[in-house]
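Please read it beside the sequence and the model shown here.

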Amino acid sequence: MGALMQAEPVLSGNALAGYKRLVVKIGSALLVDGETGKLRSDWLSALAADIAGLKESGCDVVIVSSGAIALGRRLLGLPGKTLPLDQSQAAASAGQIALSQAWASHLGEHGITTGQILLTPNITEERRYFLNARTTINTLLGFGAVPIINENDSVATTEIRYGDNDRLSARVATMIEADMLVLLSDIDGLYTAPPANNPDAAHIAHVSDITPDIDAMAGGAASHLSRGGMTTKIGAGKIATKAGTAMIIAKGTRLHPLRALSEGERHTLFSPSLGTTAARKRWIMGTLEVTGHITIDDGAVCALKSGRSLLPIGVVKLRGDFMRGDTVAVLDLSGTEIARGLVGLDRDAADLVIGKKSETIKDMLGPSTRTELVHRDNLVLLSH
């Protein structure tokens, strides 16, 4: 299976050793009892003790916590497993207060201050908002606080939302340059097939690269409280590892799940890509919304791989209604995405200049026009 390595059934050693900035994602099914809709207070108390231990060892900890809708629906007496959008938003509004109070109370027992941050996709996709959110999180960490982050479900619409906290947690991890993302789940890692349906499924201890074979192993959500399944976790892994953040998928249903990881509990480790990437390029790589596609010829592919900017002369096809500064995918002639970057021209202007030399473009659009369609400083090559 290429990049996939099988190891012994139980990994030994401290899985969290050496990491200094952790983002920990908590799913609704871990925080909230699915039958009663009540907070699992004993579990949260144990997790708070784990977090306190990590902080005492010198780690920064950020929590991406689900549970607002699950708590809010009980508070408002909303029945059924599926809620219409307006009721879901109302539940989130009521539940966010209960959720933040629960975190503040349990971490407060260890002398830890919390700060709540509600995010929507535009905040991590648009550079200005991205920088503001990063500054807020880093400032909280500087004061020794634990930021508690969730998607702002009380205002987000179906069309403009992450839809799961796995990928949100990955975006947060890349935003603050965390070195480890821990996804606590109802399963102890990745298997060769969904283990609930296949008794012969084998546990994967280590994934060094997320290949199509790895993608094929993902299954669906296991609980009506969950929005994502293994598919969204693999998606989170792609965002995190490409930006240099390691990721662990581990079982969170037991008490003290983080302490268990430090004591050798079984999990799947996704290794980060080798090398470091500038903060701006980390942000570009993690962008969820690609607004356009640019297909380039073989000569332009070679130019990009040698560190040059993408010039219009090498472009053979454009797709998408993009504006200057939007994120675009760059494809080779076979349709494979080889790079991602911030486009330097609106679609209308790009249509005019594709296939043309820089001198011709300056004659057309003026001598002060920048002739790169994507400048190399705004371009990230993807490994294949």
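In this predicted model, helix α3 (residues 68–75) packs against helix α4 (residues 85–108) at an angle of about 100 degrees, and their axes are 6 Å apart. Axes are lines fitted to C-alpha atoms, for helices over the stretch in contact, and angles run from 0 to 180 degrees between N-to-C directions. Helices (H or I, at least four residues) and strands (E, at least two) are DSSP runs, numbered from the N terminus. The two helices α3 and α4 are therefore roughly perpendicular to each other; angles of 65 to 115 degrees fall in that class, those under 35 count as roughly parallel, those over 145 as roughly antiparallel and the rest as oblique.

On the α3 side, the contact is made by Ala-68, Ile-69, Leu-71, Gly-72, Arg-73 and Leu-75, which meet Ser-88, Ala-91, Ala-92, Ala-94, Gly-95, Gln-96, Ala-98 and Leu-99 in α4. Contact means heavy atoms within 4.5 Å. By class, the contact of α3 with α4 has nine nonpolar, four polar and one charged residues. Here Ala, Val, Leu, Ile, Met, Phe, Trp, Tyr, Cys and Pro count as nonpolar, Asp, Glu, Lys and Arg as charged, and the others, Gly among them, as polar.

Residues are numbered from 1 along each chain as its sequence is written. Local features need pLDDT of at least 70 and side-chain atom pairs count only at pLDDT 80 or more, while totals for chains, interfaces and linings use all residues; side-chain values use heavy atoms, with hydrogens and water left out.

The next topic is the sheet. Five strands form an open sheet with mixed pairing, in the order β13-β12-β14-β15-β16. Two strands pair if DSSP finds at least two bridges between them. At the edges lie β13 (315–319) and β16 (379–381), each of which pairs on one side only. From one strand to the next, the twist averages 20 degrees. Helix α12 (residues 298–305) packs on this sheet and touches β12 (292–296), β14, β15 and β16, and its direction makes about 105 degrees with that of β12.

Strands of a sheet pair through backbone hydrogen bonds, either parallel or antiparallel.

| Strands | Sense | Bridges |
|---|---|---|
| β12 and β14 | parallel | four bridges |
| β14 and β15 | antiparallel | five bridges |
| β15 and β16 | antiparallel | three bridges |

Several residue pairs can be followed across these strands. His-293 stands opposite Ala-329 in β14, and Ala-329 in turn stands opposite Arg-340 in β15.

How many of the residues of β14 are buried? Five of its five residues are, and the strand is mostly covered. Buried means under 20% relative accessible area, exposed over 50%, and partly exposed in between (1.4 Å probe, protein chains only). In a regular strand the side chains alternate between the two faces of the sheet. Both faces of β14 are covered, with buried Thr-327, Ala-329 and Leu-331 on one side and buried Val-328 and Val-330 on the other. For β15, five of the six residues are buried, so this strand is largely enclosed by the rest of the structure.

Some single residues follow. Lys-25 is found in strand β2 (residues 21–26), and counts as buried at 8% relative accessibility. Neighbours within four places in sequence aside, Lys-25 is in contact with Val-64, Ser-66, Asn-165, Asp-166, Ser-169, Val-182, Leu-183, Leu-184 and Lys-233.

Phe-143 has its place in the loop between α6 (127–142) and β5 (146–151), and counts as exposed at 72% relative accessibility. Thr-113 and Phe-143 are 30 residues apart in sequence and 8.8 Å apart in space, C-alpha to C-alpha.

Cys-59 is buried at 6% relative accessibility, whereas Cys-302 is exposed at 54%. The structure holds zero disulfides, a disulfide being a pair of cysteine sulfur atoms within 2.5 Å.

For the protein as a whole, the secondary structure comes to 14 helices and 16 strands. Of its 384 residues, 51% count as buried. Among contacts between residues at least 6 apart in sequence, 74% join residues at least 24 apart.
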